[in-house]
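Here is a friendly walk through one protein model, with its core, its strands and its side-chain pairs taken in turn. Have a look at the structure before reading on.

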Amino acid sequence: MMDIVTFGISGILTLVVCIISIILLVLTIVFGIIRAVKKKFKKTFIILLIVTILLGIVNFFTINNLIKSFNEINIDNDESINIRQEDGKIILSDNPIEQLFMTDEKITQILCNDIMNKIKTKDYENIKSIFSNDMINNVKNLDEGINKLIDISNENITDFKPQSNGSETHWDNGQHRKTFRFSCDITTDNAKYSIGFEYDYENPFNNETLGVNRMVIIDENRSILVLVDNETINKGY
């Protein structure tokens with residue numbers, strides 16, 4: 001399991017190798033031009049060409065492995081993550097590079113962990129904070145949904161598993177609104193539940209929609225127990 005420090009060191013080393021590769025590529029081009037014009041440095045050009053190609057292949061696999069390794073960083077039960085809203089976006093890390101490289105699956109896992117941690121508190125206001133301001137102001141049966149989450153937590157949650165159900169991106173004038181769809185499969189002492197969420201992760205057009213805008217709670221027989229849905233949310237950006 002890779003931690004963020006190891007990932008950072010690996011990233012720096014990869015960057016150094018990339019810089020060396022760029023320098024070699026420039027030298028290869030320069031000596032290639034000299035060879036073509038003056039018919040000199042044939043051996044030097046061939047050596048540079050071979051080394052540049054080999055280093056390029058190494059770079060490809062190194063960067064690919066680095067991205068995969070980042071996805072293995074352990075964030076389970078990481079209560080130190082301070083999820084907040086800034087400039088029309090949900091911020092999951094104080095490190096912008098860390099957030100930039102997050103996969104959709106990792107973002108979904110962090111959001112689900114945060115939601116579950118708040119549900120486990122059984123505190124009404126704490127649970128209410130997972131929903132968007134637009135949802136809080138427009139949905140009449142939100143109280144029913146929050147109270148049902150408290151009831152589920154009172155059954156003693158023993159396990160939960162996040163599951164990504166895709167995302168949707170709306171582009172306009174170079175900016176985009178991104179919505180994640182995911183579910184948390186929950187096991188309690190009494191029963192099993194699946195809670196589906198639609199979560200606005202980015203919305204520079206209207207930051208009032210950031211957070212959960214739709215929630216459906218389903219029991220183990222696939223019957224809907226509670227549905228809270230902000231029907232106005234998709235009528236404009």
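Predicted model: local features only at pLDDT ≥ 70, side-chain atom pairs only at ≥ 80, totals over all residues.

## Strand pairing around β5

Is β5 largely enclosed or open? Of its 11 residues, 9 are buried, so β5 is largely enclosed by the rest of the structure.

In soluble globular proteins, nonpolar side chains tend to be buried together. In this model the largest nonpolar core has 39 residues, and L92, F197 and M215 touch the most other members. At least two core residues come from each of several elements, among them α4 (104-120), α7 (142-154), β3 (157-172) and β5 (192-202). The largest share is that of α4, with 7 residues.

M215 is worth a click in your viewer. Setting aside residues up to four places away in sequence, its contacts include F131, M135, L149, I195, F197 and V226.

I83 sits in the loop between α2 (42-70) and β1 (84-86). Leaving out residues up to four places away in sequence, I83 touches I90, I91, L92, I110 and D114. I83 and I110 are 27 residues apart in sequence, while their C-alpha atoms are 9.1 Å apart in space.

## An aromatic cluster

The whole structure holds 3 aromatic pairs. In one of them, the ring centres of F182 and F197 are 5.6 Å apart with the planes at 35 degrees, so the pair is tilted. F182 in strand β4 and F197 in strand β5 are 15 residues apart, so this pair links distant parts of the chain. F182 counts as buried at 1% relative accessibility, and F197 counts as buried at 3%.

F182 also forms a tilted aromatic pair with Y199, at 6.3 Å centre to centre and 40 degrees between the planes. Because F182 lies in strand β4 and Y199 in strand β5, this pair ties together parts that are 17 residues apart in sequence. Both F182 and Y199 are buried. Together, ring pairs link F182, F197 and Y199 into a cluster.

## Salt bridges

How many salt bridges does a search of the whole structure find? There are 7. One of them joins the side chains of D104 and K178 at 3.0 Å, N to O. This pair links distant parts of the chain, with D104 in helix α4 and K178 in strand β4, 74 residues apart. D104 counts as partly exposed at 27% relative accessibility, whereas K178 is buried, with a relative accessible area of 16%.

D200 forms a salt bridge with R177, with the closest N and O atoms 3.0 Å apart. D200 belongs to strand β5 and R177 to strand β4, 23 residues apart, and both D200 and R177 are buried. D229 forms a salt bridge with R214, with the closest N and O atoms 3.4 Å apart. D229 lies in strand β7 and R214 in strand β6, so the pair ties together parts that are 15 residues apart in sequence. D229 counts as partly exposed at 31% relative accessibility, and R214 counts as partly exposed at 27%. Finally, E168, R181 and E198 are linked in a network of salt bridges.

How values were computed:
Residues numbered from 1 in each chain as written. Heavy atoms only, no water. Core = buried A, V, L, I, M, F, W, Y, C linked by side-chain atoms within 4.5 Å. Buried < 20%, exposed > 50% of the residue type's maximum accessible area, 1.4 Å probe, protein only. Helix = DSSP H or I, 4+ residues; strand = E, 2+ residues; numbered from the N terminus. Contact = heavy atoms within 4.5 Å. Phe/Tyr/Trp six-rings, centres within 6.5 Å; stacked < 30°, edge-to-face > 60°. Salt bridge = Lys/Arg side-chain N within 4 Å of Asp/Glu carboxyl O.
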